[in-house]
Amino acid sequence: MGEQNQVQKIEKYNENKVVRVSQELYQLDKIRWRMSTLGYRLLFAISQSVSSIEEEILPDVGFDKQSLFKYLGLDNNNDKYNRLAETLAEVGQNMLQFATKKKNGAQVWQGYTWITAYNLAMDEKYVQICINPKVRQFLMQLNKYACIQPKYYLKLSSDYQNWFYPYFKNYVKLHQWKVSIDDLKNALELTESPTYDPKKNKNANERFLSDVIGIRINDKVKAEQRAAKAEKRTAKLIEWDYVTDKNTKKVTGTLAAISQFTDINVTACAVKTGRSYTHLVFFMSEKTTSISRNRKEQEAAKNQAENDMGKRQQPRKRSAKNQDMKAIMQDMFNSQPTAEAIRNPAYDPMPDKAPKRFNYDEEQVREMARLAKMTFQQMVEKLKLEHDENGYYKMA
């Protein structure tokens with residue numbers, strides 16, 4: 001394989017050196033790329049090792065086998081050779097898929113493999129990988145990209161967490177990002193799943209929100225939705241809660257893990273169009289204790305000349321007086337997940353005000369019931385109205 005190519009040998013990985021993930025990969029309506037957790041880790045390692053190469057001909061990449069086992073979390077796995085072989089095959093088989101249109105409107109489908117060949121031998125030191133030159137625009141000399149670091153993404157345990165983390169890093173400076181649920185399903189290759197197909201499951205979008213995103217509606221959101229409907233206005237954006245594990249009662253899921261283990265905080269709320277949830281709004285912020293450190297690391301990464309993954313650097317000790325304790329306390333998570341989601345600094349709700357109280361007479365309630373094609377009693381129960389001593393109906 002690639003006898004004429006040079007081999008760029010990589011001895012050890014640097015957990016602080018950034019991986020540049022192209023923003024082009026997150027054109028949700030055009031591009032799809034899905035893998036397992038190990039598949040994403042291997043692809044990020046390849047990207048990290050070739051991001052600064054300027055040569056026309058891509059060299060093959062040779063990872064030190066034992067270092068790669070450790071990086072992938074397989075060093076203590078008795079079946080590590082088979083697991084690595086399966087991961088290499090996965091990265092080779094799971095194509096980067098495009099769906100675009102020509103100027104004349106004709107639909108075009110394209111697909112490129114990430115790697116074209118690999119060699120893994122038990123009696124050889126290096127795992128050799130040949131990168132497909134057709135995907136170099138997504139790995140090298142990038143104009144727009146998100147910077148992620150192994151010390152964060154290696155703590156993420158699911159494929160959804162690994163896919164979403166670079167996605168959020170792309171938009172974290174915007175603090176708020178709205179996206180179609182259908183576009184996310186398409187990008188995550190879930191459109192054919194009966195679980196998430198509204199035509200086959202009436203609760204498909206709710207399942208997507210809980211299973212994939214990891215959020216659940218709370219009483220505050222429900223109350224706001226009822227009030228917005230009664231007042232005939234758009235509901236305010238209010239964060240949903242993270243889902244919790246039924247046994248441990250601790251928060252779990254995609255957003256909770258990213259907020260707990262990485263350098264950013266992410267929360268979200270679902271938005272309805274009519275009676276169905278159609279969009280998601282994500283609230284994102286960089287953790288205050290990591291902002292200055294990340295800036296320095298990104299600047300250092302830009303000036304790196306070496307083409308390998310580098311030697312592990314010893315972290316510098318910071319004096320106690322330079323510690324920003326206020327910033328530390330503002331971090332969304334400590335080292336352990338909590339049972340309740342802590343407020344995301346990027347989420348800036350309207351100031352709390354005393355809720356408006358609406359008093360309706362019986363005629364008004366009956367008119368609302370008629371328009372909604374309900375009985376009088378159904379409308380009273382739906383709006384949670386109480387009958388006061390003056391004969392009016394008011395919201396509880």
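Analyst: Contact here means heavy atoms within 4.5 Å. The model is predicted.

Start with the setting. The protein chain has 13 helices and 17 strands. Of its 396 residues, 45% are buried.

Now the part itself. Two packed helices are described by the angle between their axes and the distance between the axes. The pair to look at is helix α5, residues 159–171, and helix α9, residues 254–261. Their axes come within 10 Å. They cross at roughly 65°. The crossing of α5 with α9 is right-handed.

Which residues make the contact between α5 and α9? From α5 come Y160, Q161, F164, Y165 and F168. From α9 come T254, L255, A257 and I258. By class, this contact holds 7 nonpolar residues and 2 polar ones. No charged residue takes part in it.

For contrast, turn to a pair of strands elsewhere in the chain. Strand β5 covers residues 96–101, and strand β6 covers residues 107–112. The two pair in the antiparallel sense over 6 bridges. One of the bridge pairs joins L96 to Y112 in β6. Together β5 and β6 form a hairpin, with 5 residues between the strands. In the turn, G105 has a positive phi of about 95°.

The accessible surface of the protein chain comes to about 22,500 Å². Carbon and sulfur atoms account for 47% of that surface.

Terms used:
Residues numbered from 1 in each chain as written. Predicted model: local features only at pLDDT ≥ 70, side-chain atom pairs only at ≥ 80, totals over all residues. Heavy atoms only, no water. Axes fitted to C-alpha atoms, helices over the stretch in contact; angles between N-to-C directions. Helix = DSSP H or I, 4+ residues; strand = E, 2+ residues; numbered from the N terminus. Left-handed = near helix turned anticlockwise from the far one by under 90°. Nonpolar A, V, L, I, M, F, W, Y, C, P; charged D, E, K, R; others polar. Pairing = 2+ DSSP bridges. Buried < 20%, exposed > 50% of the residue type's maximum accessible area, 1.4 Å probe, protein only. Areas by Shrake-Rupley, 256 points an atom, 1.4 Å probe, with all protein chains shown as cover.
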